[in-house]
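Here are my notes on this one, written for someone opening it for the first time. Have a look at the structure, then read on.

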Amino acid sequence: MDTFSDSTLELADRVSAVMMPTYGPLPLLPVRAQGCDVEDASGRHYLDLAGGIAVNALGHCHPALVEALTRQANTLWHLSNVFTNEPALRLAERLTALTFAERVFFANSGAEANEAALKLARRHAYDRFGPDKHEIVALERAFHGRTLFTVAVGGTPAYAEGFGPIPQGIRHVAPNDVAALESAVGPATAAVILEPIVAEGGIISLDVAYLQRARELCDEHDALLVFDEVQTGVGRTGTLYAYQALGVIPDILTTAKALGGGFPIGAALATAEVAASLVKGTHGSTFGGNPLACAVANAVLDEVTKPELLANVAARSAQLRRGMVDIGSDTGVFDEIRGRGLLLGGALAAPCAGKSKDLQLAAVDTGVLTLVAGVDVLRVTPALNITESEASLGLERMAAAARTMVGSS
Ligand SMILES: *Cc1c(COP(=O)(O)O)cnc(C)c1O
């Protein structure tokens, strides 16, 4: 396997010599990319179905984003929130016009957007009902980021292990279990936080009836409904935000990943009534609303709100889903294809259980970049503008990787 050549070993040594051991990067060094094509240091090309973890919504180096970034880079880089700025104002005006929300708080990542949302939800409950109404109800297997509050709210206990004491007052329930949600939400609940599709946790779509019940329970108990759309947002599931196709409207929504198309930015969106609780001095960020990030995000919104782009998400989703179903029936590697839009997961069948990483590595060898969602799901989150022929090529290479897993050729 050429991915484990000498140069790869050298790369692993260079990484471990200077980087904290937080990650285990794949055995290639990407040096340039365009659209859905990634080239590594040895000149080898890969078809990108990973999209920087649902970030590169328009592929790599999209000309409209390059133009927005370079134009802004020659105009105004950074001011801090001691000032406001035109790109941030314009982005907030557009996000509020395009969603239920009326107010925006800008951050730089998904974790920070969720941190802002969770702090806002607690502060709003505190302002109206006092300190006892502070509980957060969240899902097992949920992922909301890596700050201490967001790992505590997230549903993977291992991510919080050894970092305690962690924030308290958080309850976890199994996804799509209505009865469990009904018993967890009560007078002490400040907020329920949900990913419309539990992404990192295995691409589990929440049922519309479950989301509706969450909305009702929040209304009954004066709690806020928070949708973490960090991964599902910005066109990923076929509408600008996933909630818009589900008919359930949250009080707070978080967005990041694809919002900057690869430039770091995140945001918490809320109604005016809720947002009023984050009064002057209660929260902040040095870089949040940075003109470079906001200029790029404005260019992302220009493209992602085009009907033809959203139509491509639906068409390529159907194509990739069909192709992955076929790979499953031909090789026996997948037994179910999950997700919506261009957030898809192939659930590994019993013989390959726990081997998502092996399949991902096999796919690198066959020339396609994918992701995992836990040990049992291979995930793809390609650029929303991926073409039909690129998707076909990706599927061919995924099929070749799947065949190596089951030892057939
Ligand atoms: C990626 C992700 C986050 C965290 O975003 P970062 O930018 O890595 O902090 C939060 N929530 C969801 C649903 C995500 O997919």
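The points below cover the ligand site and then the aromatic rings.

1. Some ground rules. This is a predicted model, where local features need pLDDT of at least 70 and side-chain atom pairs count only at pLDDT 80 or more, while totals for chains, interfaces and linings use all residues. Residues are numbered from 1 along each chain as its sequence is written, and side-chain values use heavy atoms, with hydrogens and water left out.

2. Who surrounds the ligand? The residues around it (a heavy atom within 4 Å) include Ser 109, Gly 110, Ala 111, Asn 114, Phe 143, His 144, Glu 195, Asp 228, Gln 231 and Lys 257. The shell splits into three nonpolar, six polar and three charged residues; Gly is counted among the polar ones here. Helix H5, residues 110-129, gives the most to this shell, with three residues (helices are DSSP runs of H or I, at least four residues, and strands are runs of E, at least two, numbered from the N terminus).

3. Phe 100 and Tyr 243 are edge-to-face because their planes stand at 85 degrees, with centres 5.6 Å apart. Phe 100 is in the loop between helix H4 (86-98) and strand E4 (103-107) and Tyr 243 is in helix H9 (residues 243-246), so the pair ties together parts 143 residues apart in sequence. Both Phe 100 and Tyr 243 are buried (under 20% relative accessible area; exposed is over 50%, partly exposed in between, with a 1.4 Å probe and protein chains only).

4. Phe 143 turns up again, paired edge-to-face with Tyr 159 at 6.0 Å centre to centre and 90 degrees between planes. Phe 143 is partly exposed at 21% relative accessible area, and Tyr 159 is partly exposed at 33%. The charged end of Arg 146 sits over the Tyr 159 ring, 3.8 Å from its centre (the cut-offs: NZ of Lys or CZ of Arg within 6 Å of the ring centre and within 35 degrees of the ring normal).

Notes. Rings of Phe, Tyr and Trp (its six-membered ring) pair if their centres lie within 6.5 Å; planes under 30 degrees apart count as stacked, over 60 as edge-to-face and the rest as tilted.
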